[in-house]
Amino acid sequence: MADALRVALAGLGTVGGGVIRVLDTNRELITRRAGRPIELVAVSARDRSKDRGVDINRFEWVDDTSALARCDADVVVELVGGADGPALALARATLAAGKGLVTANKAMLAHHGFELATAAEAARAPLKFEAAVAGGIPVIKGLREGAAANVIARVYGILNGTCNFILSKMEAEGRDFADVLAEAQALGFAESDPSFDIDGIDAAHKLSILSSIAFGTKPAFGSVAASGIRHVIAADIAEAAALGYRVRLVGIAEAGASGLFQRVHAHLVPQDHPLAHVTGSTNAVVAEGNFVGRLLFQGAGAGDGPTASAVVADLIDIARGEFGPPYAMPAAALSDAPAATAGERRGRAYLRFTVADRVGVLAEIAAAMRDANVSIESLIQRGAAADGTALVAIVTHEAPEANVAAALERLRGSQSLAGEPLWMHILD
């Protein structure tokens with residue numbers, strides 16, 4: 001049997017501990033599948049004395065995380081996190097030393113993926129990141145290898161488990177956003193500062209990685225239009241259900257003649273669509289290929305077990321000598337696709353207004369829609385609340401998004417509105 005693949009591990013949090021447990025628990029099977037042992041030889045983290053539920057005394061301890069790139073290892077696993085700082089320094093040093101790099105760091109890849117891919121190819125070193133998107137779901141491998149013969153028309157999905165947990169909990173129990181967010185934080189599904197999740201940034205990081213693989217473009221996180229679920233209320237969930245939809249935070253990317261379109265936004269998803277049935281912290285990704293058709297990848301999108309499983313799967317590939325360009329084609333072949341704007345995109349929209357309960361409000365909203373050439377498919381007004389406001393929900397016919405934006409701009413500053421309107425796209 002070939003010599004062991006020697007691995008250094010940076011970061012001993014939930015996922016780092018999970019990697020050690022996977023390697024220990026499935027050691028014999030992993031060795032047989034890899035064709036050689038995979039041996040963890042060195043680790044680094046902020047606190048050596050912390051109890052992590054696994055024995056780390058058998059490994060060399062390295063205080064300086066970046067020094068792992070210089071230790072006697074073939075591959076470094078980076079689980080520190082963060083777009084820059086120690087994680088990026090370690091990634092650069094590892095590839096400069098000609099060692100393989102495995103990472104779960106979607107923020108670093110979204111911001112610096114092209115640089116790291118270029119460095120990996122120059123060093124002829126593997127760069128693997130299955131765990132960076134959708135936890136244990138092999139969506140990157142599926143797109144990069146399984147669908148390699150296809151032109152991908154569109155890739156989209158539910159990429160953030162925290163948001164999906166909140167929305168499906170609101171849906172099942174009729175509770176409002178703030179209440180369910182607090183529960184998610186208490187259960188460990190949401191961070192104490194949940195902004196990256198609920199404002200769509202985490203999903204945008206992942207979408208930019210998927211876009212690059214799917215469309216052969218350089219990762220372009222700065223071109224992702226991201227918004228989250230912070231302003232979705234229980235009434236929106238109820239109205240969506242009455243109309244035959246469920247609310248989900250969906251990241252969607254398409255490449256066309258006008259460039260690359262990338263957006264993370266709350267959508268109304270038809271109840272007969274596969275994404276409507278993705279609940280809890282589960283992730284799901286749909287890719288549409290010109291020969292393979294629609295592919296659906298679904299499963300646990302986070303957690304120590306699924307994410308660690310993806311990390312170790314990357315190590316097995318490296319042990320076998322199975323790796324190619326990180327983004328499915330050589331870095332030099334990745335294009336600088338211009339960012340496509342949303343204005344000319346056509347679709348149906350859900351608009352929710354909080355309005356003063358008085359005569360003429362509906363006429364004012366309808367006039368703004370008419371003047372912007374947006375046709376109303378349905379309109380529902382709910383009774384007045386204790387504060388004298390009422391909810392008006394509108395579903396539009398298909399129209400250019402620029403027209404819908406113009407209608408909302410006409411209503412800006414109106415004394416009839418008691419707050420900012422909510423705009424959710426309807427997934428076709």
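At what angle do helix α2 (residues 27-34) and helix α11 (residues 304-320) pack, and how far apart are their axes? The model here is a predicted one, so to speak of local features takes a pLDDT of at least 70 and side-chain atom pairs count only at pLDDT 80 or more, while totals for chains, interfaces and linings use all residues. Residues are numbered from 1 along each chain as its sequence is written, and side-chain values rest on heavy atoms, with hydrogens and water left out.

Back to the helices: α2 and α11 meet at about 40 degrees, with 9 Å between their axes. Axes here are lines fitted to C-alpha atoms, for helices over the stretch in contact, and angles run from 0 to 180 degrees between N-to-C directions. The two helices are therefore oblique to each other, given that angles under 35 degrees count as roughly parallel, over 145 as roughly antiparallel, 65 to 115 as roughly perpendicular and the rest as oblique. On the α2 side the contact (heavy atoms within 4.5 Å) is made by Ile30, Arg33 and Ala34, and on the α11 side by Val312, Ile316, Ala319 and Arg320. By class, these residues come out as 5 nonpolar, no polar and 2 charged; Ala, Val, Leu, Ile, Met, Phe, Trp, Tyr, Cys and Pro count as nonpolar, Asp, Glu, Lys and Arg as charged, and the others, Gly among them, as polar. Helices (H or I, at least four residues) and strands (E, at least two) are DSSP runs, numbered from the N terminus.

On a 1 Å grid over the protein atoms alone, a cavity is a set of points where a 1.4 Å probe fits but cannot get out, a pocket is an open set with protein on both sides within 12 Å along at least five of seven lines, and lining residues have an atom within 4 Å of a point. Points are joined across faces, edges and corners, and a volume is the space filled by probe spheres set on them. The largest cavity, at about 30 Å³, is lined by Ala235, Asp236, Glu239, Tyr350, Arg352, Arg382, Leu391 and Ala393. Of its lining, α10 supplies the largest share, 3 residues, and the classes split into 4 nonpolar, no polar and 4 charged.

The second largest pocket has a volume of about 340 Å³. Among its 17 lining residues, Arg230, His231, Pro421, Leu422 and Trp423 are the closest to its centre. β18 gives the most to this lining, with 3 residues.
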